[in-house]
Amino acid sequence: MKKIEVNEVFKEDWNRVLNHIANLFYEDSKIVVAAEDAELSFHFQHSIDEDYTIHTACELAVDGSAYTSNYSIQYETEGTEKEQGIRMKRALSHVMLDVLEQYTGMTQQWGILTGVRPTKLYHKYRQQGMNDDDIYAILKKDFRISDSKVALMREIVKRQLVTIPDLDELGKELSVYIGVPFCPTKCAYCTFPAYAIQSNRKAGRVESFIDGLHIEIRAMGKWLKDNNMNITSVYWGGGTPTSIEAHEMDALYKTMFESFPNPDKIREITVEAGRPDTITPEKIEVLKKWGIDRISVNPQSYTDETLKAIGRHHTVQETIDKFWLSRQSGMNNINMDLIIGLPNEGIEEFQHSLDESAKMQPESLTVHTLSFKRASEMTHNKDKYKVADRETVTKMMEMASNWTEENGYVPYYLYRQKNILGNLENVGYCKPGEESIYNIVIMEEVQTILGIGCGASTKFVNPDTGKITQFHNPKDPAAYIMTFEDAIEKKIDMLNELYSTRISQ
């Protein structure tokens, strides 16, 4: 752990943000006040003038040397107390990042941004009437984002507006996420609800869960119909929703189409068939029956040793075979995922994964950078997994960017995670015209995402203010079976409150 001294006691949320900045340079750091054994010592100054100008300064003392930075920014209004706090945190982050870059020689391409949705920031300034040059200046000067990352943000935002021209108006509708919490096995990096289906099948929890899911779909569908609420997109995730049997999938899709309002107006339905070992000809026929042709067949890696190391009990050949089975059976929009930085993988292994992807040319390729999520097996046993260093994962991301451009893909959504290798990002690429509407709306938080099923989170987005509130269904199947009726009632109450004005009209 890197112990870092600061000269004053900051507010808890200020402290947390500064710790995030320190963690960009040092994997595990802790900020303390007046620590005699601190390895780095920061001295901050901050003030606000009557004209709403914030001034911050930082001096880093280490190894007998000093590194300094000063930053000022003026705002047009005083702002609310919350806005004042956000402004000060950004200004303090600015000078702390600057002195750490001076000291370490490292450059953080994403600047002070530690949030998960950089393009949402770009949309915010766009909606305020700023042009690309204005936005570039702000992102560069005040957030310290590199030219290449600003260019990536700009390209993605433009692609999103081509895909969904009414993006700014989508708050009038909502999208639906349906969670099926079962997988053949759980991957070492995963923190999603993913319970071994065979043991849960033997215990009777799979059938009981599905019974509850039918009831929840019908109940939420009734509220949507009663309130004339259109659905933009539906995403079946989990877990792996193709882990259940074909006849179970068929019955659930029947309930969905019978229960949801105006199913012919739903712009997109996706089924996450991410584990190749769950895909069968019978399940593909069910998807075709209901007109669903957007699925994921996720390799993650094209190295068998890697798949074993991360707990995916299928082979590379099975991924390839199931892709071609899906394609030849009429699946016309297939996504595939690759993960940069998986255990024991470097440049050679990732190049092999790109070469294999080139043979299949899926409609979309999502490139993830490995993140050590707090609750994952990989994080709990970190010493067991040897992963690539910052320089290597950065090179691999460049390889992915070059490969997608050479193969006719464009970036269309982007998000980041804490504890992500190399302080990089996850990027969704696709062939032009094959963008996922759901991926865009959930990342840009432009509308309510109604969560149904085990582990599903509902994100209520106020269509007028953009304020976000959340409700979480239980992650454990046994808990869901016991409480899904309570969850239905609570979500309906929250929907009634959120859309009360619309409902009364």
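Helices (H or I, at least four residues) and strands (E, at least two) are DSSP runs, numbered from the N terminus. The close-ups below come from a predicted model, where local features need pLDDT of at least 70 and side-chain atom pairs count only at pLDDT 80 or more, while totals for chains, interfaces and linings use all residues. Residues are numbered from 1 along each chain as its sequence is written, and side-chain values use heavy atoms, with hydrogens and water left out.

View 1. Of the 8 residues of α15, 7 are buried, so the helix is largely enclosed by the rest of the structure. Buried here means under 20% relative accessible area, exposed means over 50%, and partly exposed is in between (1.4 Å probe, protein chains only). The buried residues of α15 include I437, Y438 and M443.

**View 2. E445 and its salt-bridge partner K459.** A salt bridge is a side-chain nitrogen of Lys or Arg within 4 Å of a carboxyl oxygen of Asp or Glu. E445 and K459 meet this way through their side chains, at 2.9 Å, N to O. The pair links distant parts of the chain, with E445 in the loop between α15 (437-444) and β16 (448-453) and K459 in strand β17, 14 residues apart. E445 counts as buried because its relative accessible area is 14%, and K459 is also buried, at 14% relative accessibility. Look around the pair for R117 and K120, which are linked with E445 and K459 in a network of salt bridges.

View 3. Strands β17 (residues 457-461) and β18 (residues 468-472) run antiparallel and are joined by 5 bridges; two strands pair if DSSP finds at least two bridges between them. V461 has I468 in β18 as its bridge partner. The hairpin leaves 6 residues between β17 and β18, and G466 in the turn has a positive phi of about 80°.

**View 4. Strand β9 between its partners.** All 8 of the 8 residues of strand β9 (residues 231-238) are buried, so β9 is largely enclosed by the rest of the structure. Strand β6 (residues 174-180) pairs with β9 in the parallel sense over 6 bridges, and G179 stands opposite G237 in β9. β9 also runs parallel to strand β10 (residues 268-271), joined by 4 bridges; here W236 stands opposite V271 in β10.

**View 5. I217 in helix α7.** I217 lies in helix α7 (residues 205-226) and counts as buried because its relative accessibility is 0%. I217 and F257 are 40 residues apart in sequence and 9.8 Å apart in space, C-alpha to C-alpha.

**View 6. E207 and R201.** The side chains of E207 and R201 meet in a salt bridge, 3.1 Å from N to O. With 33% relative accessibility, E207 counts as partly exposed.
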